[in-house]
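Keep the viewer open as you read.

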Amino acid sequence: MTLYLINLVLALVWVVVTGSFTLINLVFGFILGACALYLIREQVGGAGYMQRGFLITKLLLFFLLELMKSAWRVAILVLKPKMNLKPGIFAYHLRADRDFEITLLANMITLTPGTLSVDVSEDRSTLYVHAIDCSDPEGNRRDIATGFERMILEAFR
Amino acid sequence: MIEEYAKLFYEYAVDFGLVLLGLSFLLTTVRIIIGPTLPDRVLGLDMLTSVSIGFIALIGINTGFTLYVDIAIALGLVGFLATTAFSRFILARGQSGDEDSLESLPFRDPQGKSSHGTRGEWGR
Amino acid sequence: MTAFYHIVEGLLIVGGSLFIALAALGLVRLPDLYTRMHSASKAGSVGASLLLLGLAINSESLPETLRAIAAIVFFLLTAPISAHLLAKASYTVGYNLWPGSVLDEMSRSKPTPGASVAESRSQQEFYTGKALEPAWRREKRIAPPKWSDLRKK
């Protein structure tokens, strides 16, 4: 957290020094600050910070890609003249246990191909997911476990 | 040369988008009207908010009047709150009125001597 | 350079409005509430986000671009939450899945209160089988809460 603030201050200093307050310049300054912090990561103990930033960025990019794919698949499904639907609700046992992680996972599941989170059980151990193609619930579970849940746990643990 | 073609493409794209968005307004309204149950209609209203946000963004692009972004944000907030409130309402209301009789509606007393309206009033 | 901007904006407009139109078409064509929700929450939000992205690219000043991007983030955060809440509410109250659905593990975990042993065995048999009988759940629907109970909470 402190390193993040230092990084932000470095970005602001870059903006002030170069004298042009635009969004692009701010982002560029932030990246430059991150590079500078990367050089001294051993001294300030920032290896974890760098890796976490990298993992969060990876999660975000993966999410955007999946979002586009899901919209595309819904569009294809709707356009087919004969819809071959096998919808159903399957239960998914959560490994994430913090509220924040469960919320993030449920939101991301809703916005990814063919799945929509319906409910969380009372003890917060099971997530009920509605899938538009539920002919292979094991495969769906595996997709979530090796996709989003693993990345969320890597990024926030 | 290529500038002119790009501009032409852009103008056609705006027209095409307006036509498609109008069509989706129409389809969503069809779902709201025929939707057999209350959640279907609520979902239709939610979708109507998304279509409106897209429409506002397109109008903002077309006219260059970017104050429309604020309206889009406010509309998104109101739509989200409306769907949340409707979900609470569905939870509180139960399934009555869609395919059941209205015996379990909270506004009716068990004897059936209703003082607040009739089946027709609460049914739809 | 303006030609490039015009082409990118045109593509974003066409893509966004196509996604929204297909979401609306799906809303009409798909068979039940839960499958319709897929269409509305995914294709609808992606379409609106693409149009807002076009607006962000179109506007020259920084505050407007930032506001459009904030609108996209906000929209992508709230759309799944409202879909989730609506699905949860309608499932809890007892709106059935489409009869063609192949699996419902949610009702297995929540056995209906008051069901006898024989009934619960037939429940097991039922879920090991393939078909879903919509009339089955219609018989044992959860009773809607009363106003007085809600006030107590």
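**Where chains A and C meet**

Across the interface of chain A and chain C, one salt bridge is found. Keep in mind that this is a predicted model. The partners in that salt bridge are C:Lys88 and A:Asp119, whose side chains come to 2.9 Å, N to O. The interface of chain A and chain C also holds seven residue pairs in polar contact.

Now look at the side of chain A that touches chain C. Two or more residues come from each of H4, strand E1 (88-93), H5, strand E2 (115-120), strand E3 (126-131) and helix H6 (137-156) of chain A. H4(A) gives the most, with ten residues. Sorted by class, this side of chain A has 27 nonpolar, ten polar and four charged residues.

Stepping back to both partners, the contact takes 41 residues from chain A and 39 residues from chain C. Together, chain A and chain C bury about 3400 Å², with 74% of it on carbon and sulfur atoms.

Next, the largest pocket. Its volume is about 1600 Å³. The pocket is lined by 38 residues, and the closest to its centre are A:Ile56, A:Thr57, A:Leu60, A:Leu61 and A:Leu64.

Which elements each supply at least two residues of that lining? From chain A they are helix H1 (2-18), helix H2 (23-39), helix H4 (47-79) and helix H5 (99-110), and from chain C they are helix H2 (33-58) and helix H3 (62-93). H4(A) turns up again here, with the largest share of the lining, 15 residues. By class, the lining of the largest pocket has 31 nonpolar, five polar and two charged residues.

Methods:
Residues numbered from 1 in each chain as written. Chains lettered and ligands numbered in written order. Predicted model: local features only at pLDDT ≥ 70, side-chain atom pairs only at ≥ 80, totals over all residues. Heavy atoms only, no water. 1 Å grid on protein atoms, 1.4 Å probe; cavity = no way out; pocket = protein on both sides within 12 Å on 5 of 7 lines; lining within 4 Å. Points joined across faces, edges and corners; volume = space filled by probe spheres on them. Helix = DSSP H or I, 4+ residues; strand = E, 2+ residues; numbered from the N terminus. Nonpolar A, V, L, I, M, F, W, Y, C, P; charged D, E, K, R; others polar. Contact = heavy atoms within 4.5 Å. Buried area = accessible area lost by both parts, 1.4 Å probe. Salt bridge = Lys/Arg side-chain N within 4 Å of Asp/Glu carboxyl O. Polar contact = N/O pair within 3.5 Å; in protein donor to acceptor, adjacent residues only side chain to side chain.
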